[in-house]
Amino acid sequence: MFSTQYHHHSLSRRRFLIYSGLGVVALGVNACGGSNVPATPLPASTAVAAPITAASTVTAPAQDAALTFSLTARATEMPILPGAATRVLSYAAAVEAGDPAAVSAVPGSYLGPIVRVERGATVTARLRNELDTPTNVHWHGLIVPAEADGQPANVVAPGAEADYTFTVNNRPGTYWFHPHPHGHTAEQAYRGLAGLVIVSDPEETALGLPAGAQDIPLVLQDRKFDADNQFVFIAGGMAGMMDQMMGVLGDRILVNGQPDVVLPVATQPYRLRLLNGSNARIFKLGWSTGAPLTVLATDGGLLAAPATVPYVMLAPGERIELWADFGPAAVGDEIKLVSLAYEGVEAGGMGMMMGEPPLPNGAAFDVMTFAVTEPAQSTLTLPAALLPVAALVVGEAVNATSPRPFIFAMGDAMNWTINGRTYEMDVVADDERVRFGDVEVWEFSNEMAAPAAAGAMAGMDHSAHAQHGATPAGDNSMRDFMAHPVHVHGVQFQVVSREVDDAQRAAWETVKDGLVDQGWKDTVLVMPGERVRVVTRFDGYRGLYLIHCHNLEHEDGGMMRHFEVE
Ligand code: C2O
Ligand code: CU
Ligand code: CU
């Protein structure tokens with residue numbers, strides 16, 4: 001699968017860090033020094049990803065097991081860059097009842113914990129809020145009762161505690177959790193609060209996919225640092241206004257909370273579980289070798305069969321699992337996971353006035369390096385079939401020919417809206433009610449900035465670039481081409497179709513082959529000018545749930561609404 005195009009290194013030193021109390025093993029190498037080729041030493045700041053091998057993947061807890069763990073949200077410090085440690089927010093976790101190996105920390109990272117559960121298990125997470133602001137925990141992708149869903153109306157005051165109890169009903173796959181207090185989700189997640197829930201079941205285990213040290217969660221995030229190594233969330237001035245409006249983009253790429261990650265691998269297959277835990281960064285993931293990617297799972301777990309794509313678009317909130325076979329590589333090779341260039345997501349109006357971020361969406365950059373350091377210790381073959389995915393039939397929908405519309409756009413007040421409305425904590429409009437058990441088709445339309453908003457921006461008086469006068473309707477020059485990763489709570493859905501406006505088609509062509517719409521999804525990237533139809537059955541729980549953009553600044557800015565299953 002991989003061709004050799006990297007220098008060979010001789011392995012000079014290897015570190016094994018054993019976190020025995022956590023059931024976690026982190027393996028690291030520092031490789032350098034070639035014999036007859038110019039050496040490419042790894043930079044001094046090279047960090048080692050903290051892959052996570054929980055014993056529970058090997059000795060799976062019995063189905064219907066119960067797990068209770070504490071989750072303490074608090075401020076702490078982590079060394080991330082050379083020099084001063086970075087002030088972060090982080091969850092500390094401890095198992096109170098159940099398999100102690102089910103909850104593992106990510107050593108040396110603000111991220112985590114990683115919770116591994118079997119389908120059918122009952123989980124209680126006991127949140128302790130040691131922050132000085134309200135917080136809560138949302139179980140992204142897991143279908144849980146509304147009162148355990150961690151919604152903005154249910155927050156935990158500083159110093160207080162709350163239990164979240166639910167049964168794990170989801171298919172085997174990679175889910176995650178993060179805070180959801182309205183107006184503060186973006187900052188709390190950016191400063192470090194996020195963890196993973198990995199669901200398994202006996203059918204999945206029987207597939208014999210890479211497990212243990214070959215099953216590697218990788219959380220991708222971008223961050224901005226100041227000169228003292230501190231996270232910059234939303235800066236002051238015009239740059240800050242732009243971040244607030246468009247979403248915070250960092251120029252440092254972190255994997256499991258570390259920069260410049262080099263992960264040692266053997267010449268064998270791995271299962272990589274990727275989460276985009278960024279606020280606004282959209283990755284176009286590919287291999288540095290140009291090899292295609294083999295996809296095992298999307299948001300809602302394993303696909304019916306592996307899918308091969310040239311690259312994968314991964315928007316905030318989305319997960320993708322890859323089969324990465326380093327078998328064809330040689331010891332000494334380095335293979336990079338990269339983000340490739342793409343077009344179509346850019347700040348036009350606000351951006352033109354306020355300047356481009358240092359690493360805009362669509363720029364190309366390296367994500368991490370896989371250093372092939374040893375020969376295979378086992379061989380596995382990619383299964384031809386994974387787990388069944390029952391297709392939802394659009395014809396069964398109560399609104400098969402008239403999808404329920406959700407229009408994602410910038411409103412006249414330069415606010416982010418869904419169907420012209422912003423988030424209201426206590427309100428469900430009549431057109432936001434669905435019947436329990438119904439199958440419905442929903443259509444998410446990305447209508448970009450309203451011309452009126454663009455005109456308002458052009459009339460803003462802040463910079464020389466703003467001297468455009470009124471922007472005629474239909475003139476795209478002052479529009480902001482924002483993508484909206486649309487996330488729905490309380491369900492998993494299936495993507496039915498995508499359509500794109502002719503004006504945006506050329507840009508969309510640069511991403512379309514990486515929109516992996518197979519299997520079950522809970523977050524779907526809706527590109528500028530795009531209309532995406534999805535179908536779902538509302539048979540989880542009754543109650544209030546949320547639909548929102550997972551660009552966290554858009555979400556905090558109001559691009560979120562309730563819907564009620566009744
Ligand atoms: Cu991951 Cu409502 O969010
Ligand atoms: Cu969610
Ligand atoms: Cu958005």
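The chat below goes through metal sites, strand pairing, a loop proline and salt bridges in a predicted model.

Biologist: Before we start, what should I keep in mind about the numbering and the model?

Modeller: Residues are numbered from 1 along each chain as its sequence is written, while chains are lettered from A and ligands numbered from 1 in the order in which they are written. This is a predicted model, in which local features need pLDDT of at least 70 and side-chain atom pairs count only at pLDDT 80 or more, whereas totals for chains, interfaces and linings use all residues, and side-chain values use heavy atoms, with hydrogens and water left out.

Biologist: Okay, which residues coordinate the copper ion (ligand 3)?

Modeller: His484 through ND1, Cys549 through SG and His554 through ND1 coordinate that ion at 2.0 to 2.1 Å; donors here are N, O and S atoms within 2.8 Å of the metal (3.2 Å for Na, K and Ca), and water is not among the atoms, so sites may look incomplete. The spacing of these donor residues in sequence is H-x64-C-x4-H. His484 lies in strand β28 (residues 484–488) and Cys549 in strand β32 (residues 543–549), so this pair ties together parts 65 residues apart in sequence; strands are DSSP runs of E with at least two residues, helices are runs of H or I with at least four, and both are numbered from the N terminus.

Biologist: And are His484 and Cys549 buried or exposed?

Modeller: His484 is buried at 1% relative accessibility, and Cys549 is buried at 0%, where buried means under 20% relative accessible area, exposed over 50% and partly exposed in between, with a 1.4 Å probe and protein chains only.

Biologist: What about the copper ion (ligand 2), which protein donors does it have?

Modeller: Its protein donors are His138 (NE2) and His487 (NE2), lying 1.8 Å from the ion. His138 lies in strand β8 and His487 in strand β28, so the pair ties together parts that are 349 residues apart in sequence, and both histidines are buried.

Biologist: Switching to sheets, where does β8 sit in its sheet?

Modeller: The open sheet has five strands in the order β5-β6-β11-β10-β8, with mixed pairing; two strands pair if DSSP finds at least two bridges between them. β5 (103–104) and β8 (138–140) stand at the edges with a single partner strand each, so one side of each is left without a neighbour in the sheet. Within that order, β10 (residues 173–178) and β11 (residues 195–200) pair antiparallel over five bridges, and Trp176 stands opposite Leu196 in β11.

Biologist: How does β7 pair with β3 and β9?

Modeller: β7 (residues 122–129) pairs with β3 (residues 66–78) in the parallel sense over eight bridges, Arg128 being the bridge partner of Thr72, and seven bridges join β7 to β9 (residues 161–167) in the antiparallel sense. Arg126 stands opposite Asp163 in β9.

Biologist: Which side chain does Arg126 meet in a salt bridge?

Modeller: Arg126 meets Glu96 at 3.1 Å, N to O, a salt bridge being a side-chain nitrogen of Lys or Arg within 4 Å of a carboxyl oxygen of Asp or Glu. Glu96 is partly exposed at 38%, as is Arg126 at 26%.

Biologist: Last one, where is Pro310 and what is it in contact with?

Modeller: Pro310 is in the loop between β19 (301–309) and β20 (312–314), and it is partly exposed, with a relative accessible area of 45%. Leaving aside neighbours within four places in sequence, Pro310 is in contact (heavy atoms within 4.5 Å) with Ala291, Pro292, Leu293 and Asp513.
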